[in-house]
Structures are given as C-alpha cells and as structure tokens.
Amino acid sequence: SCFSPAGMNQTLVTQFLILGFSETPGLQMLLFPAFLLLYMVALSGNLLIVLLISSSPALHTPVYFFLVNLAAVDILCTSTILPKLLGSMVAGRTISFGGCMAQLFFFTWSLGAELLLFSAMALDRYVAICRPLHYGALMGPRVCVLLASAVWAVSLTNTTVNTVLTGRLPFCGSNVVKHFFCEIPPLLKLSCAPTRLNEAMAFTADVVLALGSFSVTMLSYGCIIACINASILRIRSAAGKRRAFSTCSSHLLVVSMYYSTVVYTYFRPASSYALDKDKVVSVVYTSVAPSLNPLIYSLRNTDVKAALRRLSSVTIHVCPFIPSALPSPLPLW
C-alpha cells in the first residue's frame, strides 16, 4: 500500500481502466470501423512494402533498406495500440499493470525508432542527390546496417529508461487512464508520488529524439532543395516543376505532421495534459501516419509500382504455396 497526500492508506493499482474516446455507444460504433480501417490499411500497406522489397533484387538498395525498417516500425506501433483499442470498444476496457507497461514499452520503442529513421532516410536522400559520385562509399552496406542498428538501439535505450521509471511509480489513487492507450503523460497524472524525474527524462528524450531528428531532417531536405534548385529553375513547364518537388513536399508534410504532434504531446508537464485534445493529437502518430507512410514513401514510387506488377504477374501464374515461388529472405542488399 501507499499513502495519499491526505495521509489515507490506499491500495496499489494492479490494473488500469482505459477510458477510450467516449462513453456514448453510438459514437463508439462510428469509431470502431474507422480505427479498424486504419489498422487494416497500415498493416496491409506496410506488410506489402516488406514483401515487395524482400522479393525484388532491384530494390535491395539503401533507400529501400530503410523503408523496410520504417515499415517494421509502423507495424510494431499499430499492432501495439490498435488491437487493444478495438477490443476495448466491444469488450472490457481494463488492462493489467504489466500489460500497460508492455504497451508503453513497445509504443515508445516504435515512436523513437520512427523519429530517428526519418533522419536516416533524409541523410540517405541528401547523399544520393547532392553527392552522387560518393554515394556508394558513404552509404555502403556496413554504414546502412550501422545506422539502422543505432536507430533501434537508441530508441530501445530510451524506452527502457522511461518504462522502468514509470513502472517504479506508485499508483494508488484513480486507475482511470484518460487516453485510449498507456502513454507516459496520462500515466504520470495517476501517480501518487512526485514525477519530476520522469518528466525530465521524457523532456530530454523529446529534445534529443524529436527536435534533434527534426533538425537533421529539415537540414537534409534544405540541402537537397538547394542542390536541385538550379535544375528546377531550368524546367520550363509548371507541371515539370510540380513533379520535381512532389516527392520532397510529400515527405516533408508527413515528417512535419509527425514531429509536431510528438513535440506537442511530450514537451509539456503532465499537469497540462488535456483529455480530448491530446487523444486526437495522438491518433496522428499512432494511426494516421503509419497508414500514410507506405503511400507517401513507397507505393507512389515507380520502382515499387514495377515490383508490384511483377509480383502480381507471378502470383497469377504460379501457385504461391510452392516453395520455389516464395520470396527469398531479404539480404543486406
């Protein structure tokens, strides 16, 4: 047991009640198909990207290597959050203390990895466009593997620290999580002990991972635009200029949306957490962004479309259950 500020002996919380979005059954019935659709789009889109890249030797290049990692991160994020959310809409909304910490761990891991991957992908594009003659040396297999390993390791360290600190807090008051999943800000509001250390660590992680990665990404895209600016100005038609900037602009849109919502959520003290507003913001980086990433980064790409057509033609003519027709594992390149 622990003691509340009033000195009342209270029982430690062993499970949490996830409040979700609404107590209104009618609204729940509207939200369920919406989140189910988001989950299906995110899961199928990212699995398709992994399948296409792993089965197409022409796509075994650095840029698609990072896209496979991004797809894996999005699968981890949505599979950590959305199945439990969908289940809570039709069944019980409780989650055990251990289950809540596990959800917090895997979500924070995917969140940090996604932020860092955006930077790695932006650096890769900068080298490819601005230093094409040195691309093979600067973005060789060893460098790409080291970058991806660093992304996963740094984000793993961050989530381990924050999850352990959160798990050590005593929760002996309300067990109602005013959110649709276990995230750091709403959990800190439920603690009956000071949370200054937790807030400081979350703030530090946000500065390093979010603002640091955002700065690297923006700087990389700024250099890319500067490198191609002369070529863009030489394009006479308006349609040609739009095509030249379309890739960078769409990437920047997704990246800006993702970073801004993460910074908004984690750059404030837990006491300023707002129920309805913060839940809507969290939907962006837990559901919307993972659904858009396959379209923005991959499925609009000519090489990926060609690989999709080849895979479709093979699927039509060859039984997919024959072992020889199955795609080989993804090598380093």
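Analyst: Ser-54 counts as buried because its relative accessibility is 11%, where buried means under 20% relative accessible area, exposed over 50% and partly exposed in between, with a 1.4 Å probe and protein chains only. The model is predicted, so local features need pLDDT of at least 70 and side-chain atom pairs pLDDT 80 or more, while totals for chains, interfaces and linings use all residues. Residues are numbered from 1 along each chain as its sequence is written, and side-chain values use heavy atoms, without hydrogens and water.

Ser-54 sits in helix 1, which covers residues 25-55. Its C-alpha atom is separated by 9.5 Å from that of Tyr-64, 10 residues apart along the chain. The protein has 10 helices and five strands, which are DSSP runs numbered from the N terminus (helices H or I, at least four residues; strands E, at least two). Of its 333 residues, 43% are buried.

An unreviewed UniProt entry lists residues 30-51, 63-82, 102-123, 135-155, 207-232 and 244-267 as "transmembrane region"; such annotations may be inferred rather than shown by experiment. In the model, residues 63-82 are 100% helix and 0% strand, with end C-alpha atoms 28 Å apart. Residues 102-123 are also 100% helix and 0% strand, and there the end C-alpha atoms lie 32 Å apart.

The structure holds three cavities of 30 Å³ or more, a cavity being a set of points on a 1 Å grid over the protein atoms alone where a 1.4 Å probe fits but cannot get out. The largest cavity contains about 130 Å³ of space, a volume filled by probe spheres set on the points. It is lined by 14 residues, and Leu-111, Asn-158, Ala-205, Asp-206 and Tyr-266 are the closest to its centre. Helix 3 (97-130), helix 5 (141-167), helix 7 (196-234) and helix 8 (238-266) each give two or more residues to this lining, where a lining residue has an atom within 4 Å of a point. Helix 7 gives the most, with five residues. By type, the lining has nine nonpolar residues, four polar and one charged; Asp, Glu, Lys and Arg count as charged, Ala, Val, Leu, Ile, Met, Phe, Trp, Tyr, Cys and Pro as nonpolar, and the others as polar.

Leaving aside neighbours within four places in sequence, Gly-112 is in contact with Ser-155 and Leu-209, contact meaning heavy atoms within 4.5 Å. The C-alpha atoms of Gly-112 and Thr-159 are 7.9 Å apart, although 47 residues separate them in sequence.

Ala-122 is also placed in helix 3, and it is buried because its relative accessible area is 0%. Beyond its neighbours within four places in sequence, Ala-122 is in contact with Thr-217, Ser-220, Tyr-221 and Ile-224. The C-alpha atom of Ala-122 is 8.3 Å from that of Met-218, which is 96 residues apart along the chain.

Helix 7 also holds Ala-200. This residue counts as partly exposed because its relative accessibility is 37%. Ala-200 and Phe-267 are 67 residues apart in sequence, with 9.8 Å between their C-alpha atoms.

For the protein as a whole, 81% of the contacts between residues at least 6 apart in sequence join residues at least 24 apart.

Notes:
On a 1 Å grid over the protein atoms alone, a cavity is a set of points where a 1.4 Å probe fits but cannot get out, and a pocket is an open set with protein on both sides within 12 Å along at least five of seven lines; lining residues have an atom within 4 Å of a point.
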